[in-house]
Each structure stands twice: as C-alpha cells, then as structure tokens.
Amino acid sequence: MTPGMTLAPPPFDLERARRETPGCEEVLHFNNAGAALMPQPVLDATVGHLQLEARIGGYEAYDHARAAVERVYGATATLLGCAADEIAVVENATRAWDMAFYAVPLGPGDRVLTAVAEYASNYIAYLQVARRTGARIEAIPNDETGQLSVDALRRMADERVKLIAITHVPTNGGLVNPAAAVGRVARELGALYLLDACQSVGQMPLDVGALGCDMLSATGRKYLRGPRGTGLLYVRRGVLERLEPPFLDLHAAVWTAADRYEIRRDARRFENWEANVAGKVGLGVAIDYALGWGLDAIQARVRALADALRLRLAALPGVTVRDLGRERCGIVSFTVEGQTPEAIRERLARDRINVTVSSPRGTRLDMEARGLAGVVRASVHYYNSEAEVERFCAAVEASTARRPGEP
Ligand SMILES: Cc1ncc(COP(=O)(O)O)c(C=O)c1O
C-alpha cells in the first residue's frame with residue numbers, strides 16, 4: 001500500500017443483515033431503542049433452549065447449556081473491554097443500575113451529580129435515597145449544544161461528591177453525553193462513576209477503561225438485539241468489594257455458619273439465583289453476533305442512517321427535529337406542528353411502521369426545560385435500509401398533510 005493511503009472500510013452487507021432478521025419482512029422497525037428485532041441466531045438459541053427445558057426439564061437443560069450461559073460473561077467482557085468476573089447478568093438495565101446505585105454508601109451532605117437528561121427510574125431512586133440518607137442530588141447543567149457540560153461539572157466538583165451517575169444516551173433523543181470526559185473528572189475527584197449505557201451499548205463501541213467508569217448498566221433487548229428480560233452490569237474489580245449489594249441470596253453469598261455468610265467476590269454478587277436461562281443463552285449469542293459485525297461498523301452504519309433521517313425529516317414542512325448535543329446516535333426525535341406525537345405514532349402503525357413516543361414521564365428535567373409535552377422517537381439500526389428512511393419520511397409527510405383531528 002502507498003504510504004499515507006488508508007483503506008476504505010468494507011461495504012456494509014445490508015442484504016445479509018436483513019436476510020438474517022426475519023422481522024424485516026413484517027415491519028418497518030424504527031423502534032430499536034425500544035426493543036430491536038432479534039436476528040435469527042439469537043431467536044434459534046433462545047427458543048432452542050426453551051424447547052430443551054420443555055423436553056428434559058429446566059435444571060437438566062441448564063446442565064447442558066452451561067458453556068452457552070458462561071459465554072454471555074466472556075462475550076460481554078470482550079464487548080466492554082473488561083474481565084468476565086466484573087460482569088453480572090440480571091433481568092434488565094434498571095435492576096442492574098439499581099444493584100449498583102443502592103450499593104453506594106451515602107450519608108447526609110454527600111452529593112450525587114447527575115445529568116439533565118437522566119432516566120426517570122434512576123431519578124426516582126435518587127429521590128428515594130436522598131430522602132432516606134440526607135444526600136443531595138444535583139443535575140449538571142448542559143452546555144450550549146444541549147449535552148452535559150463538562151466545564152459545569154468541574155465547577156461543581158468538590159470532596160463531598162461521592163457519586164457521578166449519568167445517562168450516556170437518554171431515552172428520548174439522539175444525544176450522546178461526553179461520558180469519557182466525565183470519567184476523567186470522576187477519576188481526578190476520586191468519586192465513583194456509574195454510567196447508564198442502556199441505550200448506547202450495541203450501537204457504538206464502549207470500553208470501560210476509556211470511559212473511566214466504575215459501574216455500567218445495560219439492557220439486552222435494545223441495540224444488542226438480545227431477548228427481552230435481560231440486563232448487564234459491569235463493576236470494576238477495584239471497587240467490587242467496597243459495594244455491598246442491597247439484596248443477597250444464596251447465589252450472591254454463601255451461608256457459611258448459622259450466624260454468618262460470605263458475599264461472593266466477583267460481580268455475580270449482584271445477581272440472584274433464579275434466572276431466565278434461555279435469555280442468558282440468547283444474550284450471549286446476540287453479543288457475539290454484534291461483535292461479528294464489529295461495533296465500529298455498526299456505529300458508522302447507524303450514524304449514517306440516522307443523519308440521513310434527520311436531514312430528510314428537517315426538510316418536511318411542520319417537522320422539527322429535537323435531538324440535542326454535539327455527538328448524535330441512532331435515535332431521532334421530532335415533533336410535528338399541530339399533531340400530537342401519539343397521533344403520528346398511531347398513523348405510522350397503520351402502515352406497519354414502528355416508532356415510540358417519549359413523554360416527560362421518562363426524562364422530566366429535560367422535557368420540562370425544553371417545554372416539550374412529547375416527541376416521536378424513531379430509532380434506526382444497521383439492518384434498516386435507505387429505502388425504509390425514504391418510506392418513513394413519505395409516511396410522516398402524508399401525516400403532516402392531515403388537518404388536526406383528522407384520523
Ligand atoms: C436511558 C435508559 N436507562 C434505563 C432504561 C431501563 O432499561 P430496562 O427497561 O432494561 O430496565 C431505559 C429504558 O428505556 C433507558 O432508556
């Protein structure tokens with residue numbers, strides 16, 4: 001190769017991605033931030049395990065599937081750049097996040113810094129813990145682009161900050177918060193850093209070392225394309241033993257004497273015994289499937305499609321794209337003048353087009369600050385096509401042409 005020349009990335013094999021996604025035949029799915037369409041190998045592995053359970057018994061099926069269950073830990077470690085014993089697999093991202101958050105020791109006067117676009121379930125937990133402990137919850141203001149301001153964070157930082165807990169990609173839009181820059185501040189400060197990566201995992205490369213986080217939570221069903229009812233928690237080895245899980249059972253701890261127990265030393269201290277084994281097997285396959293495509297290639301494809309969608313939507317009369325921030329991802333949020341987001345979603349659903357509506361219930365601080373009662377959330381994945389972007393925009397345009405109140 002001539003010095004200075006770079007190789008162009010290989011073209012994305014869209015035909016294969018769609019062929020391996022049976023749902024592509026059924027729907028135009030722009031609800032990947034809700035739950036993405038599972039690829040065939042994930043479906044086969046999950047259903048296959050359920051069938052085995054039905055045939056030979058659940059415990060016995062587990063004995064057969066041990067290697068496949070263990071794979072989810074190894075695959076996640078590769079995905080996030082950590083060790084397998086720093087991973088817990090739980091029911092969903094909320095439970096993963098809760099197990100980490102409620103383990104952080106907080107007392108009166110301690111400060112927890114969070115983001116404006118924080119997810120409701122996290123914020124409700126902050127309010128509960130603030131009420132119980134006397135800790136203070138403070139939202140780090142956004143900068144002029146609408147992303148978390150790292151300068152504001154630096155100004156707020158002092159020795160009373162015990163935890164920085166932010167959402168990487170909020171539930172209601174394409175914003176990507178500067179998570180690695182936040183991690184650098186957390187390290188300088190010596191505060192714990194919990195990152196809600198529920199919506200970013202699977203659509204962009206994530207490396208916990210580069211992010212500088214101590215804990216990270218994620219879900220299986222969104223951009224990872226895994227089965228529902230699966231979630232992941234990373235806890236850095238250096239902080240594991242300082243964090244006592246809020247709940248313990250005979251899997252998280254061993255009952256060593258009538259009056260004693262010992263908590264596991266690995267991240268599985270945050271799990272509990274009974275689990276959706278088929279979900280774990282399927283999630284392992286989903287993560288390997290994502291790794292097979294490559295997270296850089298996935299991110300490039302998702303970004304290109306989302307950028308095209310934003311551009312096309314912004315050109316439609318009456319449509320306002322609502323995504324904030326310097327860096328944007330596969331989630332595209334918008335409003336249509338004179339139409340409620342719910343009416344748009346229902347009209348699109350009649351054309352077998354899937355989107356969701358985000359309301360202030362999910363991200364109250366952010367939606368209230370922007371005076372938004374709701375947005376339509378269209379979230380693309382790499383298996384979506386340029387033709388789908390065109391069809392989607394034509395359907396939105398047809399909706400905008402309707403008078404308010406017209407079905
Ligand atoms: C930013 C964010 N965090 C957490 C969650 C919760 O994830 P789960 O439903 O897997 O608990 C969501 C779900 O939409 C989310 O958008």
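**Notes on the structure for a first look**

1. Strand β7, residues 215–219, and strand β8, residues 231–235, run antiparallel and are joined by five bridges. Please keep in mind as you browse that this is a predicted model.

2. Now step back to the sheet around that pair. Seven strands make up an open sheet with mixed pairing, and their order is β2-β8-β7-β6-β5-β3-β4. At its edges you will find β2 (87–90) and β4 (136–140), each of which pairs on one side only. On average, neighbouring strands of this sheet are turned by 20 degrees against each other, direction ignored.

3. Helix α4, residues 58–80, lies across β2, β7 and β8, and runs at about 120 degrees to β2. Helix α5, residues 93–101, lies across β2, β5 (161–167), β6 (192–196), β7 and β8, with a direction at about 165 degrees to β7.

4. The ligand comes next. There are 13 residues around the ligand, and T94, D196, T219, R221 and K222 come nearest. A polar side-chain atom of T94 is 2.5 Å from an oxygen atom of the ligand, while D196 places a polar side-chain atom 2.6 Å from a ligand nitrogen atom. A93 takes part through its backbone: one of its N or O atoms lies 3.0 Å from an oxygen atom of the ligand.

5. There is a second sheet to look at. Four strands form an open sheet with antiparallel pairing, in the order β11-β12-β15-β14. The edge positions belong to β11 and β14 (356–358); each has a single partner strand, so one side of each is left without a neighbour in the sheet. Here the twist averages 40 degrees from one strand to the next.

6. Within this second sheet, three bridges pair β14 with strand β15, residues 375–379, in the antiparallel sense. V357 stands opposite V376 in β15. Helix α12 packs on the sheet and touches β11, β12 and β15, its direction making about 10 degrees with that of β12. Helix α15, residues 386–400, also packs on the sheet, touching β11, β12 and β15, with an angle of about 20 degrees to the direction of β12.

7. Charged pairs deserve a point of their own. Side chains of opposite charge can pair when their charged atoms come close. Across the whole structure, a search finds 28 salt bridges. One of them links R303 and E327, with the closest N and O atoms 2.7 Å apart. R303 sits in helix α12 (residues 295–314) and E327 in the loop between β11 (319–321) and β12 (331–336), so this pair ties together parts that are 24 residues apart in sequence. R303 counts as partly exposed because its relative accessibility is 29%, and E327 counts as partly exposed at 31%.

8. R19 and E15 form one, their closest N and O atoms being 3.0 Å apart; both belong to helix α1 (residues 14–19), four residues apart, about one turn of the helix. Both R19 and E15 are exposed. In helix α14 (residues 364–369), R364 and E368 are likewise four residues apart, and their side chains meet in a salt bridge of 2.8 Å, N to O. R364 is partly exposed, with a relative accessible area of 43%. Elsewhere, salt bridges that share partners join R111, R136, E138, D158 and R160 into one network.

Terms used:
Residues are numbered from 1 along each chain as its sequence is written. This is a predicted model: local features need pLDDT of at least 70, side-chain atom pairs count only at pLDDT 80 or more; totals for chains, interfaces and linings use all residues. Side-chain values use heavy atoms; hydrogens and water are left out. Two strands pair if DSSP finds at least two bridges between them. Helices (H or I, at least four residues) and strands (E, at least two) are DSSP runs, numbered from the N terminus. Axes are lines fitted to C-alpha atoms, for helices over the stretch in contact, and angles run from 0 to 180 degrees between N-to-C directions. Contact means heavy atoms within 4.5 Å. A salt bridge is a side-chain nitrogen of Lys or Arg within 4 Å of a carboxyl oxygen of Asp or Glu. Buried means under 20% relative accessible area, exposed over 50%, partly exposed in between (1.4 Å probe, protein chains only). A residue is near a molecule or strand if one of its heavy atoms lies within 4 Å of it. A polar contact is a pair of N or O atoms within 3.5 Å; within protein, one must be able to donate a hydrogen and the other to accept it, and residues adjacent in sequence count only if both atoms are side-chain atoms.
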